[in-house]
Amino acid sequence: MHVFPGLALARSAQGYSRLGPDFLTELSPEPVPGPHWVAHSEPCADLLGLAADWRSPEALALLSGNGGGAGNGIGWASVYSGHQFGVWAGQLGDGRALHIGEIENKGQRFELQLKGAGRTPYSRMGDGRAVLRSSIREFLCSEAMAALGIPTTRALCITGSSLRVRREDVETGAIVTRVAPSFLRFGHFEHFAHHGLLPQLQQLFEHVLDQHAPECRDAAVPAAALLERISRQTASLMADWQAVGFMHGVMNTDNMSMLGLTLDYGPFGFMDGFDPGHVCNHSDHQGRYAYARQPNVAFWNLHALAQALIPLVPGAPETASEPLLAALESYREAFPAEMLGRLRAKLGLVSSLPQDRELADDWLKLMAAHHTDYTIAWRRLGSFDSSAGASNEAMRDLFVDREAFDAWAQRYRARLQAEASSDVERRKRMTAVNPAVVLRNHLAEGAIRLAREGDFTEIERLLKVLQRPFDEPVLASDAGFPPDWAAQLEVSCSS
Ligand code: AMP
Ligand code: MG
């Protein structure tokens, strides 16, 4: 156990590490030269209940993988497998993430993980490191998603180092301290099922039921209840992503959280000009993880999880898949309902009418046809003047074919009148769900370029803005159109 001023880490008897050597390997992080603080998140520190003085020299050493203090930083890396780009990839695991312990606050337990802390037995060809660039992106996006109200792993801080890390170019290494109740992935279950390690699969299942889904125990078929639970959580998460225009970029089953959290930020992106076919990851040549495909990919991934759960269903193997298939159906029912709920809220509607789906779909089609900026168009729609004859110039300006906008606006106006909507009240509702600021690539890039020169002030400034995404930012450009150079930014799996 580490006891530092303000940062006390323990290894809980209920945590994943109790499962033992079939599930993880114990090891220490590899120390780095020149450790220093790059950024930290106050809301995440509050979530953990850390004292104001938590950023001590000992904490810096611990969170850069340089140990220090009691316990000497012994951590563990877990083994998992998974499907990558639709193909079975075999054994993977925490190749560059090391669990260093847990913190309990207000009855909730959180695991802390150092991403980029050095090689593990699961590193395969990798160096176990993460570069400053990708660490800044993961840190900012984790905290931005949380502020948008979207389930996600959190990020406490980034520590930098002078370690040279080779990617396309030589960059410097950094470590993100990630925080979550659990980093369990679909791939953890797939691992034990695929390798026929049934006692371990059962043990993992019991652990998840105990720690994360106790209500599933009482169900007729607990494995099906767990699958239904995660199907519904994933449906809600996909609706959240689609609603804010978030693209994960690498929705492999090893990046899918068993708790329905957004997990493993790599080549993610937020939609600029609306294109449902947009692929944010330049390594994804087939466009498997295009924006519009995400909800179906999630369903595919849930199928892979269901396969892994078959041995956990009591009874004859021929009939074991039946309750699981039934549980999967809950996704098909939940996702459209969740999505329609998000779209209604984004349109500022309070009642439900049968034509809402078509109204929302036609709005999305209109934006797609004009490549309208997704975030700005939704945000401006909040200021839509529904009085007869209002011209709504600020909205019309977003569309080349103004008559096409007018035709849709006429229907929107009629729909608002049907529920006697007040523009003032509707605007308040819409401002609270349609963010002004999302972490567009060019915003992250601005912070990265300065950080490479040793100036971390833009990370801090941007973090503050992203922590209040529904407020109009002081700097109008944070909520503005992306600059022309943003189109040239390429984000790939290299991180
Ligand atoms: P990702 O695409 O980042 O989700 O990673 C897929 C797998 O590759 C996981 O098992 C990671 O731990 C591993 N991995 C990715 N990058 C590295 C690296 N630089 N060193 C070691 N393992 C890595
Ligand atoms: Mg991953």
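Biologist: Let me start with a strand: in β5, which residue is the bridge partner of Thr 25?
Modeller: That's Ala 77. Keep in mind as we go that this is a predicted model.
Biologist: Okay. And how do β3 and β5 pair?
Modeller: Strand β3, residues 24–27, pairs with β5 in the antiparallel sense, over four bridges.
Biologist: Which residues of β5 are buried on each side?
Modeller: β5 covers residues 75–78, and both its faces are covered. Gly 75 and Ala 77 are buried on one side, and Trp 76 and Ser 78 are buried on the other.
Biologist: Let's stay with strands. What does β11 pair with?
Modeller: One partner is β4, residues 36–40, which pairs with β11, residues 154–166, in the antiparallel sense over four bridges. Within that pairing, Ala 39 has Ile 158 in β11 as its bridge partner. Another partner is β12, residues 170–180, which also runs antiparallel to β11, with nine bridges joining the two.
Biologist: How many residues does the hairpin from β11 to β12 go through?
Modeller: The hairpin joins them through three residues. As for a bridge between these strands, Val 165 has Glu 171 in β12 as its partner.
Biologist: Switching to helices. At what angle do α7 and α8 cross?
Modeller: Roughly 165°, and their axes come within 10 Å. α7 is residues 294–309 and α8 is residues 317–347. An angle over 145 degrees counts as roughly antiparallel, so that is how α7 and α8 run relative to each other.
Biologist: Is that crossing left-handed or right-handed?
Modeller: Right-handed, as α7 passes α8.
Biologist: Which residues meet there?
Modeller: From α7, the list includes Phe 299, Leu 302 and His 303. On the α8 side, Leu 328, Tyr 331 and Phe 335 are among them.
Biologist: While we're on α8, is Arg 344 buried or exposed?
Modeller: Arg 344, which sits in α8, is buried, because its relative accessible area is 16% and the cut-off for buried is under 20%.
Biologist: What does Arg 344 touch?
Modeller: Leaving aside neighbours within four places in sequence, Arg 344 is in contact with Leu 349, Ser 351, Ser 352, Leu 353 and Asp 356.
Biologist: How many residues of α10 are buried?
Modeller: Seven of its eight, so to speak a mostly covered helix, at residues 374–381. The buried ones are Tyr 374, Thr 375, Ile 376, Ala 377, Trp 378, Arg 379 and Leu 381.
Biologist: What do they pack against?
Modeller: The buried residues of α10 pack against α6, α8, α9, α11, α12 and α13.
Biologist: What goes on at the start of α10?
Modeller: A side-chain oxygen of Asp 373 comes to within 3.3 Å of the backbone nitrogen of Thr 375.
Biologist: New topic: where is Thr 262?
Modeller: In the loop between β13 and β14. Thr 262 counts as buried because its relative accessibility is 0%.
Biologist: Which residues does Thr 262 touch?
Modeller: Not counting residues up to four places away in sequence, the contacts include Met 145, Leu 237, Trp 241 and Phe 246. Pro 151 is also one of them, and its backbone oxygen lies 2.8 Å from a polar atom of the Thr 262 side chain.
Biologist: Last one: is Pro 57 buried or exposed?
Modeller: Exposed, because its relative accessibility is 65%. Pro 57 is found in helix α2, residues 57–63.

Note on methods: Residues numbered from 1 in each chain as written. Chains lettered and ligands numbered in written order. Predicted model: local features only at pLDDT ≥ 70, side-chain atom pairs only at ≥ 80, totals over all residues. Heavy atoms only, no water. Buried < 20%, exposed > 50% of the residue type's maximum accessible area, 1.4 Å probe, protein only. Polar contact = N/O pair within 3.5 Å; in protein donor to acceptor, adjacent residues only side chain to side chain. Contact = heavy atoms within 4.5 Å. Pairing = 2+ DSSP bridges. Axes fitted to C-alpha atoms, helices over the stretch in contact; angles between N-to-C directions. Parallel < 35°, antiparallel > 145°, perpendicular 65-115°, else oblique. Left-handed = near helix turned anticlockwise from the far one by under 90°.
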